[in-house]
Amino acid sequence: MAHRGLPLYLATLLTGLLECIGFAGVLFGWTSLLFVFKKEKYFERSCGQDCWHWSNATEPPDSKSQDEKFSLIFTLASFMNNFMTFPTGYIFDRFKTTVARLIAIFFYTCATLIIAFTSAESAMLLFLAMPMLAVGGILFLITNLQIGNLFGKHRSTIITLYNGAFDSSSAVFLIIKLLYERGVSLRASFLFLSVCSAWHVGRTFLLMPRGHIPFPLPPSYSYGLCSRFGARKEEKKVAEHGIKELQSKEFLSPKEAENSGPEQQQQPQHTASFRSCVLSRRFFLHVLWLSVIQLWHYLFIGTLNSLLTTLAGGNSVQVSTFTNAFAITQFFGVLCAPWNGLLMDCLKQKYQKEAKKTGSSFEAAALCSTVPSLALTSLLCLGFLLCASIPVIQLLYATFILQVINRSFLYGCNAAFLTMAFPAEHFGKLFGLVMALSAVVSLLQFPLFKVSPQSTAVYVSMGLAIFLTLAHPFLVYRECRAERTKSSMISQPRSPAL
């Protein structure tokens, strides 16, 4: 990391962290916003006049219909949050950072303005606004993940930190809920979020590159405001040459790097095609791993309000208390996620030191560092599901803690795994495709809601599916071990012939 660029890098890092924690993942604070929508009587008039004549019940008869509409909105929004990452990832790869961020700002601003001017009579507009909010937010995250490239060996830590900030931004809707309870209207809160788009625009042109941040980082790299006052054409050519040379050496073993002369370095390094990456077993298992764990998280978040209402016996004060508790725990995702990144960075350095001694591949060593994180994420999700399946409302505090830790590990591990397991030039497309395919699986949350998410059959089937995700880290470990053995055998000197 260039010392003279450190202030710029830190400014980009901190403002990106603020952007992710304040805007990117607000959709997942849905439970808090749903409480406000119900207070505003959204979708409450869909039932006949006699619907309020009920007795010996904790909820009005139309609450099921109302909950189904809200569940469908969250299902569509979470689906778009994932599915649209593939086309937006392609846009990011093809048209670079500035174009992708301007599209994100457009979607986000339109969504917040629609919600600001929506009322109980026009509640159907939420089916448009929430998916747009999700698409804008995920594009903010995608364009910020590359900032990890500025910090070299701390790359995984930064990536997981940003994913944790994405999770923590769900606390924004808790703030809106608390302000609403103190007399600040929903319209005023969302108009404020709309005005903040001016800040996003400023950051796009002053603190972000027009293209991509390369990895490894070349000497004297500049971008944003600084690139408008320097960077002659000769310097750019030198930087481009440095990027190619560094990328060609990044995953070579030490012996390969030493033996590669100038003529070999000028030859293009073989890179796996996008098609071969998608058709690999590694990619297929990773999609299944993410899809199953994510489905359970979406199902839990989307049905939490109805679960709280059932366990609290319709006591709105208790429902509000536990809703606040859930949203507060979400904020700590930004503190949980970096531990996962630190684990991967420490293991990566350890395994690469071992690879340096044995002459094995650095790529296999980097990939092996993700195995403990993949396995730990699956085990945490099993614990989270077990706590959620016990119908004791006080146990939900432990459930909320496990949920936020597991979710922060899930998305941070997903992004870090893709950066280590596949070529960097395919990251945007692969990240988008993984999220898009997992989005298709996430659509199962609505039929599961119709079945009743609190049924034993749902818990057992989800528990079995989550247990099977442990196959992913196990097979990745076997693959790394086989690669290490192969590299070690090749690097060993042959005995002289007699």
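**Helix packing in a predicted model**

Student: How much of the chain counts as buried?

Tutor: Of the 498 residues of the chain, 54% count as buried, where buried means under 20% relative accessible area, exposed over 50% and partly exposed in between, with a 1.4 Å probe and protein chains only. This is a predicted model, in which local features need pLDDT of at least 70 and side-chain atom pairs count only at pLDDT 80 or more, while totals for chains, interfaces and linings use all residues. Residues are numbered from 1 along each chain as its sequence is written, and side-chain values use heavy atoms, with hydrogens and water left out.

Student: How many helices and strands are there?

Tutor: The chain has 24 helices and zero strands. Helices (H or I, at least four residues) and strands (E, at least two) are DSSP runs, numbered from the N terminus.

Student: And what share of the contacts joins residues at least 24 apart?

Tutor: Among contacts between residues at least 6 apart in sequence, the share is 83%. Contact means heavy atoms within 4.5 Å.

Student: Let us turn to H6. Where is it, and what is its reach?

Tutor: Helix H6 covers residues 155-168, and its 14 residues reach 20 Å from first C-alpha to last, close to the 20 Å expected. The expected span is 1.5 Å times one less than the number of residues.

Student: How many of the residues of H6 are buried?

Tutor: In H6, 14 of its 14 residues are buried, so the helix is mostly covered.

Student: At what angle do H6 and H20 pack?

Tutor: H6 and helix H20 (residues 396-421) pack at about 140 degrees, with their axes 8 Å apart. Axes are lines fitted to C-alpha atoms, for helices over the stretch in contact, and angles run from 0 to 180 degrees between N-to-C directions. The two helices are therefore oblique to each other; angles under 35 degrees count as roughly parallel, over 145 as roughly antiparallel, 65 to 115 as roughly perpendicular and the rest as oblique.

Student: Which residues meet there?

Tutor: From H6 the list includes Arg 155, Ile 159, Asn 163, Phe 166 and Asp 167, and from H20 it includes Arg 407, Tyr 411, Cys 413 and Met 420. The residues of this contact divide into seven nonpolar, six polar and three charged. Here Ala, Val, Leu, Ile, Met, Phe, Trp, Tyr, Cys and Pro count as nonpolar, Asp, Glu, Lys and Arg as charged, and the others, Gly among them, as polar.

Student: What about H15 and H21: how do they pack?

Tutor: Helix H15 (residues 281-311) and helix H21 (residues 427-442) pack at about 50 degrees, with their axes 8 Å apart. H15 and H21 are therefore oblique to each other. Their contact includes Phe 283, His 286, Leu 290 and Tyr 298 of H15, together with Leu 430, Met 435 and Val 441 of H21. The residues of this contact divide into twelve nonpolar, five polar and no charged.

Student: Which value does phi of Lys 41 take?

Tutor: Phi of Lys 41 is near 65 degrees, a positive value in a residue other than glycine. Lys 41 lies in the loop between helix H2 (30-39) and helix H3 (63-83), and is partly exposed at 48% relative accessibility.

Student: And Lys 96, where is that?

Tutor: Lys 96 is in helix H4 (residues 85-116), with phi near 75 degrees, again positive in a residue other than glycine. Its relative accessible area is 33%, so Lys 96 is partly exposed.

Student: Lastly, what does Met 80 touch?

Tutor: Met 80, in helix H3, touches Pro 131 and Val 135, not counting residues up to four places away in sequence. The C-alpha atoms of Met 80 and Leu 133, 53 residues apart along the chain, are separated by 9.5 Å.
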